[in-house]
Every structure is written in structure tokens, then in C-alpha cells.
Amino acid sequence: MTLAEILASLFPQGHAVAVREGLVTGTGPFGDGPMHVVGIDGDTPLGVDGALVLSRAVLNAVRTGDRAPILVAVDSDSQRMSRRDELLGLNECLAHLAKALLLADRSGHPTIGLIYGHTAAGAFIATALATRVLAALPGANPSVMDLPSVARVTKLPLDTLEEMAKSTPVFAPGLDNMVAAGAVHVVLDPDRPLGSQIRAVIDTIEAEDVRDRLGAERGGRLVAHTVAAAVADQARLG
């Protein structure tokens with residue numbers, strides 16, 4: 001689905017969501033109130049300027065005090081790899097955006113990521129992965145790091161990494177692997193109205209982060225849930 005099709009399905013009565021230079025901001029009617037929408041469209045890389053624009057939109061939503069859902073719709077490249085962005089502190093700006101989304105969540109705004117195209121690396125981590133729950137549409141292509149990049153960093157042969165990726169979802173790119181690892185909570189049905197599906201996702205949000213549990217249940221992160229439970233027990237014991 002394109003962004004236009006997603007917005008038409010979510011907001012059949014119209015919306016005030018706009019795309020400027022690949023950055024998505026605005027609102028639409030959702031149930032008895034609004035839904036705030038931010039995101040990235042058109043496989044656009046996320047740089048310093050874009051991260052600050054989206055951070056401002058999220059913080060402005062928090063300032064309204066309406067506790068309305070915030071949808072983070074993503075079809076992006078990775079972070080913008082330019083000398084200018086690096087010198088201006090791209091890592092800090094991406095972290096600021098992620099923290100703005102975490103603040104929104106703690107302030108009572110359900111935050112829902114929606115991947116409908118490509119997304120990777122810092123742009124993925126600072127947007128969709130920083131939401132409370134993450135949904136995707138069929139055909140989405142998320143990755144924290146693609147395998148050629150992993151090969152350059154680890155110095156392992158690409159064919160070795162490709163073989164490892166067949167049996168290690170937490171390590172491998174792609175939508176199926178992200179679902180198996182628990183990073184993507186649910187894949188939506190593009191043939192059904194998205195509004196009711198997003199509402200169902202919101203209504204089933206749990207108080208705690210359940211990605212480790214989902215990964216264990218789906219066979220993609222067999223150890224994570226056990227480790228998380230042990231850490232929680234240690235914290236309770238002081």
C-alpha cells in the first residue's frame with residue numbers, strides 16, 4: 001500500500017496529514033478524537049533536519065495533553081550518511097526523536113509504528129522501533145543492518161552470514177524475521193479497513209514491553225524472555 005492508500009483507509013472522512021520533503025506530519029479523526037501522524041515516506045533517508053522536524057511534531061502532540069494515539073508511518077532509507085549530518089550530531093538527533101516517542105508513550109499516548117515500505121538502521125531504530133507496538137503491511141522490508149553491511153563490520157564472509165541468517169531470525173533482515181523475533185507485533189491485512197485493525201492493536205497494548213516474550217513464543221528469540229525475567233527478578237530483589 002502507498003501512504004495515500006493507508007491514509008484513505010485510516011481516515012475515510014478525510015485528514016490533515018501532509019508530506020513535505022519526505023516527512024509526514026498531521027492529524028486525522030480517529031474514533032472520538034484525533035490521531036497524530038508522523039513518519040517518513042518515499043524511501044527518504046532520515047537526517048538531522050528530518051529528525052528534528054519529527055521530534056517537534058511528537059512533542060507538540062504531547063503538549064496538547066489529549067493522549068491521542070500517535071501513528072509513526074515509515075517507508076524510509078537508513079539515516080542520512082552525509083558529512084554535514086554527522087558533524088551536526090546526527091546520532092544525538094536520532095536519539096532525541098526516539099526519546100520523544102518514549103516520552104509520548106509515558107505521557108499516555110499510545111504509539112504505534114507502521115512499516116509499509118523499506119526502513120533500515122538508524123532511521124528504523126529512531127522511529128518504528130521506538131514505538132510501543134509495531135505493525136507492518138505485507139511487502140514491508142525492515143532491517144536493522146543489511147547483511148553486506150554486517151559483513152563489512154564483522155569481517156565475516158557474506159555467504160557465511162547468509163547461511164547464518166537462515167536459522168537466526170534475530171540476526172537477519174526482512175519482515176518475516178522481524179515478526180519471528182517479536183520486533184513486529186502484527187502484520188495487518190491491506191484488504192480490510194486499517195482503522196479497525198489499528199484500533200484492535202491499541203486496545204491490546206500491554207503495560208509492559210512484550211517483544212522478548214513474542215520472540216520466544218515465535219521461536220525467534222529463544223533466550224531473550226528468560227534473560228529478561230531473570231533481570232527483572234534481580235531488580236526486585238535489589
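User: How much space lies in the largest pocket?
Analyst: This model is predicted. Its largest pocket is the place to start. The space in that pocket comes to about 270 Å³.

User: Which residues that line the largest pocket are the closest to its centre?
Analyst: The lining of the largest pocket is made of 16 residues. The closest to the centre are V144, V170, M178, A181 and A183.

User: Is α2 roughly parallel or roughly perpendicular to α4?
Analyst: Helix α2 spans residues 48–64, and helix α4 spans residues 90–106. Their axes come within 9 Å and cross at roughly 20 degrees. Angles under 35 degrees count as roughly parallel. Therefore α2 is, relative to α4, roughly parallel.

User: Is the crossing of α2 and α4 left-handed or right-handed?
Analyst: On the α2 side, the contact is made by V48, A51, L52, L54, S55, V58, L59 and V62. On the α4 side, it is made by L90, C93, L94, H96, L97, A100, L101, L103 and A104. As α2 passes α4, the crossing is left-handed.

User: How many nonpolar residues has the contact of α2 with α4?
Analyst: Take the classes in turn. This contact has no charged residues and 2 polar ones. The nonpolar residues number 15.

User: How is α1 placed relative to α9, roughly perpendicular or roughly parallel?
Analyst: Helix α1 covers residues 3–10, and helix α9 covers residues 194–203. The two axes come within 7 Å and cross at roughly 75 degrees. Angles of 65 to 115 degrees count as roughly perpendicular. So α1 lies, relative to α9, roughly perpendicular.

User: Which residues of α9 make the contact with α1?
Analyst: By class, this contact has 4 nonpolar, 2 polar and no charged residues. From α1 come I6, S9 and L10. From α9 come L194, G195 and I198.

User: Is α6 oblique or roughly parallel to α7?
Analyst: Helix α6 runs over residues 147–154, and helix α7 over residues 158–165. They pack at about 120 degrees, with axes 9 Å apart. Therefore α6 is, relative to α7, oblique.

User: Which residues of α7 make the contact with α6?
Analyst: The crossing of these two helices is right-handed. Helix α6 brings L147, P148, V150, A151 and T154. Helix α7 brings L158, L161, E162 and A165.

Key. Residues numbered from 1 in each chain as written. Predicted model: local features only at pLDDT ≥ 70, side-chain atom pairs only at ≥ 80, totals over all residues. Heavy atoms only, no water. Axes fitted to C-alpha atoms, helices over the stretch in contact; angles between N-to-C directions. Helix = DSSP H or I, 4+ residues; strand = E, 2+ residues; numbered from the N terminus. Parallel < 35°, antiparallel > 145°, perpendicular 65-115°, else oblique. Left-handed = near helix turned anticlockwise from the far one by under 90°. Contact = heavy atoms within 4.5 Å. Nonpolar A, V, L, I, M, F, W, Y, C, P; charged D, E, K, R; others polar. 1 Å grid on protein atoms, 1.4 Å probe; cavity = no way out; pocket = protein on both sides within 12 Å on 5 of 7 lines; lining within 4 Å. Points joined across faces, edges and corners; volume = space filled by probe spheres on them.
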